[in-house]
Each structure stands twice: as C-alpha cells, then as structure tokens.
Amino acid sequence: MTYHTLRQRFVLSAGSTLVVSLLMAATVDNASAMPRAPEGNATPPQLPAESSSAAAPAVSDPAPLGLFWEALDARPQDAWTRLRQNLAWDIDRLPPGARARVDKWIARYRQSPENIASITREAKPWLAWITQQVEERGLPGEIALLPFVESSFDPAARSYRGAAGLWQFMPRTGDALGLLRNGRYDGRLDVAASTRAALGYIESQAQRWYGGDIALSLAAYNAGAGTVNKARRRAQRQGRGGDYWSLDLPGETMQYLPKLYAIAEIIGHPDRYGVNLPDINAAPAFATVELNRSMSLANLSRRLDVSASRLARLNPGVLRGTVDPTHGATLLVPSDADRQTLAAFSNAGTSSEQATHRVESGDSLTTIAMRYDVSPNELVRWNAIERSGTLRPGQLLTLSDG
C-alpha cells in the first residue's frame with residue numbers, strides 16, 4: 001500500500017509495553033521537519049507515503065559525547081509539542097476561496113478563546129494517546145483534533161440523532177465497524193476501541209475511494225461516502241475539480257474541514273491567537289487492561305486505590321458499573337495505577353493457550369476477531385468451524401493455536 005504525503009519527518013521514538021498493555025511512550029525528536037510539498041486544488045491532504053530506508057552516511061571519528069547531546073533538541077516534550085510535530089496542513093497554501101472559509105472559523109473561535117481552552121482541558125486525558133495512535137498510522141496530526149469538532153472531547157457525548165462517543169458513531173456505523181453494543185457495554189463510548197475504529201475507517205475510506213485523499217475521506221466520515229461520491233461526479237461533470245474544496249455538500253459537511261483547519265491553526269500557534277492551552281504530558285494518561293474475569297468498577301476502585309469517579313470517567317462505555325470480558329469491555333485505568341495489582345486480574349497472567357471467548361447473541365467471527373486482534377480465518381482454523389453461521393450463544397472459542 002502506498003500513501004501520499006505532504007511532508008516527511010524524522011522522529012526518533014522509544015516505546016515500552018507493560019505486562020498489562022500499558023500504552024505509554026516517551027518520544028525524543030532529534031531532527032527537524034523536512035519541507036512540505038506544495039498544496040492546492042491538485043494536492044489535498046493525503047495519507048503519508050511509506051518511507052524507504054536511506055543509506056547511512058559514512059562516519060569517521062565519532063563526535064564527542066557532549067557535542068552529540070548538545071546537537072539534540074532540548075525542548076521539553078509535551079502532548080502539544082508532539083502534536084505540532086505531526087501537523088501537516090498549511091492554510092497559507094489553500095486556494096483563496098478555501099482560505100476564506102477557514103478564516104471565517106478562525107475569527108469565530110477567536111471571539112471566544114475561553115471555549116477553546118475549556119475544550120482542550122476536556123482533551124487532557126485523551127490527547128496524548130490519540131496523537132500516538134494517529135502518528136503510528138502515519139496520518140496527519142490534525143486528525144487527533146477531530147474530536148474537538150465531533151464531541152468537544154466528551155467521550156460520553158450523545159447527539160439527538162443517535163450518534164455517541166468521542167468520535168460520534170451512529171449505531172449502524174459502530175456495528176459495521178465491530179464496536180459491540182449490549183446492555184452492559186457500548187463500544188462507541190469506549191475511547192480506545194472507538195479511536196481505533198475511527199482511524200481505521202478514515203484510513204480505509206481514503207484508500208478505497210479517494211486515492212489517499214484524507215480531506216475527502218473526512219467529508220465522507222461526516223456525510224457518508226455515497227453523498228461525497230455523488231457530489232464529486234456532479235462537480236466533475238460541471239468542469240470543477242474533484243477535491244473537497246470544489247464540492248457542493250450538505251451544510252454541515254461544507255463547514256467540517258474549515259472547522260478542523262481552523263482549530264489546527266489555533267492549536268499550532270496559540271500565542272498568535274491568544275489561547276492558553278493546559279499542560280498535557282506527552283505520555284498517555286491511561287493504560288488498557290484486558291481482564292480475565294468480571295469485576296465491578298467499585299471493586300476495582302478499592303483494589304487499585306483509584307477513585308470510582310475517575311475510573312467511571314475513563315470507562316464511559318461500561319454502562320452498569322461492571323467490566324465483563326464476555327461483553328467486549330476493556331478497562332482503562334490511570335497510567336500510574338499499581339502494576340502488580342493490575343497483573344493479578346488481567347489476561348497478562350493467563351497463557352495464550354488458555355485464552356477463550358464465550359459467544360454471545362449478535363457475535364460474529366468478524367467482531368470477535370477484531371476484538372482480540374486475530375483474523376477470522378484463524379478463529380475458523382483454531383476452532384474447526386465449518387461455517388460462520390454455526391456460532392451459538394454460549395459456545396467457547398479458543399483464541400490461539402495452542
């Protein structure tokens with residue numbers, strides 16, 4: 001798969017995975033960003049290209065250690081710094097009409113800088129981890145700010161139309177993406193699960209329909225691919241371009257990208273726009289834990305010495321106060337939670353040969369495979385399944401070939 005990019009970056013990062021899948025990474029940026037490629041009607045925001053390894057330059061005598069460290073960028077890392085390193089869009093390269101649409105939203109946001117500050121405070125638990133996920137996929141950093149437009153970074157947000165969560169998935173879309181919903185759990189409200197689903201959805205649509213064009217994929221995320229594809233065909237028949245800025249789309253979708261551009265511009269230059277951003281550490285604020293048995297949030301709160309309200313805020317997808325592995329729930333805990341206690345009731349202490357899933361009504365091979373990061377074909381092979389339709393509620397599936 002070949003992606004297109006607006007700019008190239010060299011980022012040296014180091015990550016570590018804890019026994020309970022602790023999602024934390026510390027990143028050191030030791031090189032400057034490469035120049036951006038020109039943008040315009042013919043070059044909308046796109047997925048980054050796969051980079052090829054460059055030959056290492058010849059090295060003579062090694063530089064003194066002190067000079068090496070002095071050459072590194074010594075600025076402290078925080079979530080905003082890391083996000084800005086991944087921002088890929090430049091409003092100065094937009095066509096005049098597109099730039100005017102973005103400037104309108106910058107002016108609106110500047111009228112109420114306290115609102116931006118308030119929403120960015122809501123982003124504090126989530127931004128570093130989402131930025132990490134966006135970066136790992138090679139997507140433009142602006143995508144990490146999409147929840148600003150969708151939900152004001154409120155993972156429990158619900159719209160009158162039925163959309164829910166940080167990424168505002170409608171029920172049918174969430175179902176199609178394997179986000180489980182039942183009486184005890186709603187995957188649309190699970191920040192980890194819904195973020196992975198949203199990024200995968202944006203990425204796959206860009207490749208399937210739009211040749212890597214992220215702007216068009218975002219429009220389709222908002223209005224549906226059918227609506228965007230129809231608008232493109234109409235624009236092309238009329239002799240206009242097929243890029244986002246040339247299309248006539250529903251009103252909300254016409255404002256969707258200008259809003260995101262405006263937010264990214266303000267976040268990228270907060271001093272210029274008089275916005276005070278809260279301090280957010282570059283390392284994710286939470287870890288994910290796959291439990292090996294059902295547990296109530298109240299019990300977990302006592303055992304981890306973490307307030308029940310803090311656990312509930314991290315886990316809005318848990319609807320009845322109990323995290324149940326058979327209902328698709330993954331527990332999010334503060335990153336500073338006791339690791340030894342977590343390991344005692346996580347799947348980290350369970351051998352892969354013993355890992356199983358009990359089938360529930362509505363389960364399919366696809367949704368089960370997505371939950372456990374395996375393929376449907378592997379589930380078929382490991383469990384000698386002849387037809388996917390033969391899954392029965394209560395059936396126990398093994399999740400490995402052991």
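Predicted model: local features only at pLDDT ≥ 70, side-chain atom pairs only at ≥ 80, totals over all residues.
1. Before the details: contact here means heavy atoms within 4.5 Å. With that in hand, look at how helix 2 meets helix 5. Ala79, Trp80, Arg82, Leu83 and Asn86 come from helix 2, and their partners in helix 5 are Leu127, Ala128, Thr131, Gln132 and Glu135.

2. Helix 2 covers residues 79–86 and helix 5 covers residues 127–136; their axes come within 10 Å and cross at roughly 25 degrees. Angles under 35 degrees count as roughly parallel, so helix 2 and helix 5 are roughly parallel to each other. The hand of the crossing is left.

3. A step back to the whole chain. You have 16 helices and eight strands to look at. Of the 402 residues, 49% count as buried. Among contacts with a separation of 6 or more, 69% come from residues 24 or more positions apart.

4. Helix 5 has another partner, helix 8 (residues 191–209). The two pack at an angle of about 30 degrees, with their axes 11 Å apart. Helix 5 and helix 8 are therefore roughly parallel to each other, and their crossing is right-handed. On the helix 5 side you'll find Trp129, Ile130, Gln133 and Val134, which meet Val191, Ala192, Thr195, Arg196 and Leu199 of helix 8. The class count for this contact is six nonpolar, two polar and one charged.

5. Helix 9 (residues 214–223) and helix 10 (residues 225–237) are worth a look too. Their axes come within 7 Å and cross at roughly 125 degrees, and the two helices are therefore oblique to each other. Leu216, Ala219, Ala220 and Ala223 of helix 9 meet Ala225, Thr227, Val228 and Arg232 of helix 10. Six of the residues in this contact are nonpolar, one is polar and one is charged.

6. On to the cores. The largest nonpolar core has 74 residues, and the members that touch the most others are Trp126, Leu127, Ile130, Phe153, Trp167, Leu218 and Leu257. Helix 11 (residues 251–268) gives the most to this core, with ten residues. Apart from that, a second, separate core holds 15 residues, including Leu291, Leu297, Leu331 and Val333.

7. Leaving out residues up to four places away in sequence, Leu218 touches Trp89, Ile143, Leu146, Ile202, Tyr256, Leu257 and Leu260.

8. Beyond four places away in sequence, Leu297 touches Leu311, Ala312, Val318, Gly321, Val323 and Leu331. Leu297 and Leu331 are 34 residues apart in sequence, with a C-alpha to C-alpha distance of 9.3 Å.

9. There's a proline to check in helix 11: Pro258. Pro258 is buried, at 0% relative accessible area. Not counting residues up to four places away in sequence, Pro258 touches Arg101, Val102, Trp105, Tyr244 and Trp245. Take Trp105: this residue and Pro258 are 153 residues apart along the chain, yet their C-alpha atoms are separated by 6.7 Å.

10. I'd also check two backbone angles. Phe153 has a phi near 60 degrees, a positive value in a residue other than glycine. Phe153 lies in the loop between helix 6 (146–151) and helix 7 (171–176), and with a relative accessible area of 1% this phenylalanine is buried. Phe153 is also one of the residues that touch the most other members of the largest nonpolar core.

11. The other angle belongs to Asp305. Its phi is near 55 degrees, again a positive value in a residue other than glycine. Asp305 sits in the loop between helix 12 and helix 13 (308–314). Is Asp305 buried or exposed? At 72% relative accessibility, Asp305 counts as exposed, whereas Phe153 is buried.

Note on methods
Residues numbered from 1 in each chain as written. Heavy atoms only, no water. Axes fitted to C-alpha atoms, helices over the stretch in contact; angles between N-to-C directions. Helix = DSSP H or I, 4+ residues; strand = E, 2+ residues; numbered from the N terminus. Parallel < 35°, antiparallel > 145°, perpendicular 65-115°, else oblique. Left-handed = near helix turned anticlockwise from the far one by under 90°. Core = buried A, V, L, I, M, F, W, Y, C linked by side-chain atoms within 4.5 Å. Buried < 20%, exposed > 50% of the residue type's maximum accessible area, 1.4 Å probe, protein only. Nonpolar A, V, L, I, M, F, W, Y, C, P; charged D, E, K, R; others polar.
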